[in-house]
Every structure is written in structure tokens, then in C-alpha cells.
Amino acid sequence: MNREKQLLALKNMMRIRRMEEVCAELYTQEKIRGFLHLYIGEEAVATGVLIHIEAKDNVIATYREHAHALLKGISANAIMAEMFGKSGGCALGRGGSMHLYSVKNRFYGGNAIVGSGIPHALGLALAAKQLDEDRLTVCFFGEGAMCEGIFWESLNLAALWKIPLLFCCENNLYAMGTSLARSQAEPDLTKKVLCHAVAATQADGMDVDDVMRRTSEGLDYIRNEKKPFFLEMKTYRFRAHSMFDPQLYRSKEEIENWKRYCPIERYQSRLLEDGILDEVTYKYIQAEVEQEIDAAIAFAESSPLEPISDIEQKVYAQRELDN
């Protein structure tokens, strides 16, 4: 990775972290309502994968998707307004935190049901193959989704039909409040995937360099072999499953121990040691991030609510029918 991309990776992780910290604050002020799932601690995963993804590519994520939406090109303004339930949001305020969506940016959710985005991604990748489009499809999901039948059905079809799809498992060790060791008899997820004749590898999800490297290898495989690839990234969320979660299933000591591997602090230190980053550049990036998120809050605050008169609009997809 050249210096420009290395600094971009650091900045993107900082953008994600600051946006999520602000969302937590705004939630306590009841400006963001409903469920809110924060990505704090997992920034290296979305950053390391999506730095390789172009505007033409498809991305699908889970309900913990603010980071993916931001890095796929949806503006912080549109994301924040959506979480405020305002009409300036990427889904007109109708989706909220868990349903960020943008056809223009080819970001297809934000999917609230565990595993539901996986068959959607399979369909998008199949369509790209049938239309002979030069377009990648990336699907993010948690290790909990790998307990769902739809994951294995989709993986099987992807292998059987040779669908060029990147499966990205964000293994943060806890599916809501259940640890991986308590829910799966075989906790080695990559080993299980290999049984379905799908190429697979693991990455350190707390190390953005490793995620970038492994993603690059996976995408090269997809482009060359025209087959699916599975990437498991072992990571950890520093916050609870959601803002409603009392988090009684893991100890404070465990959380504090994982914070020692903070992906942002680790990468910042590495870039400083390598002479890629200096204090002046870091403060400049930090100021840019603060400005972007402050502007997003101001935009969300000033954005109007959707009028009641529009309640029946955009409920169904519309298309012109032939006579």
C-alpha cells in the first residue's frame, strides 16, 4: 500500500470511530431513536475490505452497517439524517440506523434480519455474472449468521454455480449475547467453509494492514478464478451489542484486554514509527474528521421531517408497464 492509501485507511477508521461515538451521545439525548448498533472496535474490518472496492461494486451489510455505508460513499450527512429519521436521510428517514440504503452508491442495506443480506448478495453477484458486468459483490455478516441455514444454502450455490462473491465474516465472538464457543461445536469457521469447496482464509480483524492484504488476495482469486471466496476477520466490539444491551455476558476485564488491540491506535503507532505519519498530518486528519461529523450533525438537525402527505409515496417499487 502506498502512503496515500495508508493515510486514507487511518482517516477512514477515525471517521468511523468519531461517527459512532457521536451517535452514542446523540442516542442518550434521544435524537436518535430505535435500535442502535455501534461498530467501535471493528473499524479495521470495513476499512480494510472497502478500500479495495469501487463505486461500481455492490456491497451488502448487516444492521451494524454505519461504517460500511460511509465507506461505500454515502455521505455522513445522509447517514446522520437517516438516523435522526429526517427526510434528508439516505432512505428519507424511513429506515433509520438499521436500514441504511442507497441504490446510487450500490449499497443495498442495512439488513435487520440475521443472515438476510447473504442471499441478496448472491443474487446481485449472479446477475453481474449473467450480464457479464465488471462488478464485484461483497457481503458482510457476523459469525452468528453462520448458524443460519440461508448462509450455507447461499455458500453452496455460490460454489456450485461459480458465483464471484466475497463472503466477509465479521467474527466478533458474540452473536448478540452468545459466545461462539457456546453456540458452535466447531468454532473454526474457515475450516467449516472449506468443506463446501470454497476458498477461504482468516485475517486479524484488529489489524487493518492484515485485512487489506487478505482482502486483496481474496479479490484477486475471485477475478482470476471467477469463484467465491470466504474471508473470516477475527475482531471485537468494544461496546455492547446494541444501546439496549446490559452486556452481562462478558466481563469488563475481557473488554479492557481487547482494547489494548485498538485498530486505530495500533495503526497510528505503526505509521508514526515508519515515518508515514507525523503529528502535523495526524492533527490535520483529525480536524477534517471532526469537521465532517460536526457538519453531519448540523445537517441532520436542520433537515425536515417527511410530511404526512407523503406517507403513501415510495411504498412500492414503480416501473412503467408495456401496453
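Student: Which side chains meet in a salt bridge at 3.8 Å, N to O?

Tutor: Those of Asp204 and Arg266. Keep in mind that this model is predicted. Here is the general idea. Side chains of opposite charge can pair when their charged atoms come close.

Student: Where do Asp204 and Arg266 lie?

Tutor: Asp204 is in strand 6, and Arg266 is in helix 11, residues 263-273. The pair therefore ties together parts that are 62 residues apart in sequence.

Student: How exposed is Asp204, and how exposed is Arg266?

Tutor: Buried means under 20% relative accessible area, and exposed means over 50%. Asp204 has 31%, so Asp204 is partly exposed. Arg266 is partly exposed too, at 27%.

Student: How many salt bridges does a search of the whole structure find?

Tutor: It finds 19. One of them joins Glu290 and Arg18, with the closest N and O atoms 3.4 Å apart. Glu290 belongs to helix 12 (residues 279-302) and Arg18 to helix 1 (residues 3-28), so this pair links parts 272 residues apart in sequence. Glu290 is partly exposed, with a relative accessible area of 30%.

Student: Which residues are joined with Asp210 and Arg213 into one network?

Tutor: Arg214 and Glu217. The salt bridges share partners, and they join these four residues: Asp210, Arg213, Arg214 and Glu217.

Student: Now the sheet. What is the order of its strands?

Tutor: The order is 1-2-3-7-6. This is an open sheet of five strands, with parallel pairing. Strand 1 (58-60) and strand 6 (199-204) stand at the edges. Each has a single partner strand, so one side of each has no neighbour in the sheet. On average, neighbouring strands are turned by 20° against each other, direction ignored.

Student: How many bridges pair strand 6 and strand 7?

Tutor: Six, in the parallel sense. Strand 7 covers residues 229-234.

Student: Which strands does helix 9 touch?

Tutor: Helix 9 (residues 208-225) packs on the sheet and touches strand 3 (166-171), strand 6 and strand 7. Its direction makes about 165° with that of strand 6.

Technical notes
Residues are numbered from 1 along each chain as its sequence is written. This is a predicted model: local features need pLDDT of at least 70, side-chain atom pairs count only at pLDDT 80 or more; totals for chains, interfaces and linings use all residues. Side-chain values use heavy atoms; hydrogens and water are left out. Two strands pair if DSSP finds at least two bridges between them. Helices (H or I, at least four residues) and strands (E, at least two) are DSSP runs, numbered from the N terminus. Axes are lines fitted to C-alpha atoms, for helices over the stretch in contact, and angles run from 0 to 180 degrees between N-to-C directions. Contact means heavy atoms within 4.5 Å. Buried means under 20% relative accessible area, exposed over 50%, partly exposed in between (1.4 Å probe, protein chains only).
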